[in-house]
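Hi everyone, thanks for making time this morning.

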Amino acid sequence: MLYALSILLANITLNKFIQLPVFGLLSVGTIFFAAVFTLRDRIHRAGGVPAVLIAIALALAVNTVAALLLGTPLRFVGASFLAILVGELADTGVYQRLIHRSWWTRVLASNAVSVPLDSVLFTLLAFYGDMSSREISEIIFADILAKYAIAALFAFRVRRSHLQAA
């Protein structure tokens with residue numbers, strides 16, 4: 001449920017931005033979405049591919065319904081749906097191929113594929129034609145940077161708590 005909630009909060013705040021000091025336009029939604037990558041990896045670890053596919057389907061359904069009820073523009077709903085579907089399935093595929101490697105290797109490799117894929121796909125579908133090329137570049141740059149940083153911190157905390165529990 002935390003997985004779907006993170007995506008919902010990201011979608012609600014996707015068109016609110018924070019200007020970074022040097023270069024970058026960070027979507028507030030990215031702050032919430034960054035946790036999704038590690039949460040999905042934990043779902044994968046606990047229940048395997050079937051659990052991940054159920055989580056992705058649930059998140060897509062909940063977020064599509066919520067977006068329609070909140071009057072989110074259809075362009076954002078479609079961009080979010082496709083970016084989540086493509087990014088999450090790519091991440092799951094990479095994670096699964098590395099299932100016999102260390103947890104860190106699986107997380108870092110799957111995020112290395114899914115983070116830029118999700119960021120580029122969503123930003124282009126949601127904002128192309130409404131924003132300048134520079135603004136789109138700033139959004140993609142800031143989103144990738146923030147997602148990597150937040151996902152790494154989240155993964156570090158998860159890994160640390162798992163080691164302490166063992």
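Let me start with a definition: a residue is buried under 20% relative accessible area, exposed over 50%, and partly exposed in between, using a 1.4 Å probe and protein chains only. Please keep in mind that this is a predicted model, where local features need pLDDT of at least 70 and side-chain atom pairs count only at pLDDT 80 or more, while totals for chains, interfaces and linings use all residues. Residues are numbered from 1 along each chain as its sequence is written, and side-chain values use heavy atoms, with hydrogens and water left out.

First, the charged pairs. Side chains of opposite charge can pair when their charged atoms come close. For a salt bridge I ask for a side-chain nitrogen of Lys or Arg within 4 Å of a carboxyl oxygen of Asp or Glu. How many salt bridges does this rule give? The count is three.

Let's begin with K147 and D118, whose side chains form a salt bridge at 2.5 Å, N to O. This pair links distant parts of the chain, with K147 in helix α5 and D118 in helix α4, 29 residues apart.

Next come D130 and R75, joined by a salt bridge of 3.0 Å, N to O. They also connect distant parts of the chain: D130 is in the loop between α4 (103–127) and α5 (133–165), while R75 is in helix α3 (residues 74–97), 55 residues apart. D130 is exposed because its relative accessibility is 58%, and R75, at 33%, counts as partly exposed.

Then we have R134 and E138, with a salt bridge at 3.3 Å, N to O. Both sit in helix α5, four residues apart, which is about one turn of the helix. R134 is exposed at 53% relative accessibility, whereas E138 is buried at 6%.

Now to the helix pair. The axes of α2 (residues 28–69) and α4 come within 11 Å and cross at roughly 135 degrees. Those axes are lines fitted to C-alpha atoms, for helices over the stretch in contact, and the angles run from 0 to 180 degrees between N-to-C directions. α2 and α4 are therefore oblique to each other; under 35 degrees would be roughly parallel, over 145 roughly antiparallel, 65 to 115 roughly perpendicular, and the rest is oblique.

Which residues make the contact? From α2 there are F33, F37, R40, D41 and R45, and from α4 there are W103, R106, V107, S110, N111, S114, V115 and D118. Contact here means heavy atoms within 4.5 Å.

Leaving out residues up to four places away in sequence, V107 touches D41, Y95 and A155.

Last, a quick stop at helix α1 (residues 2–12), where the buried residues are Y3, A4, S6, I7, L8, A10 and N11. The buried residues of α1 pack against α2 and α3. That's my tour, and I'm happy to take questions.

Note on methods: Helices (H or I, at least four residues) and strands (E, at least two) are DSSP runs, numbered from the N terminus.
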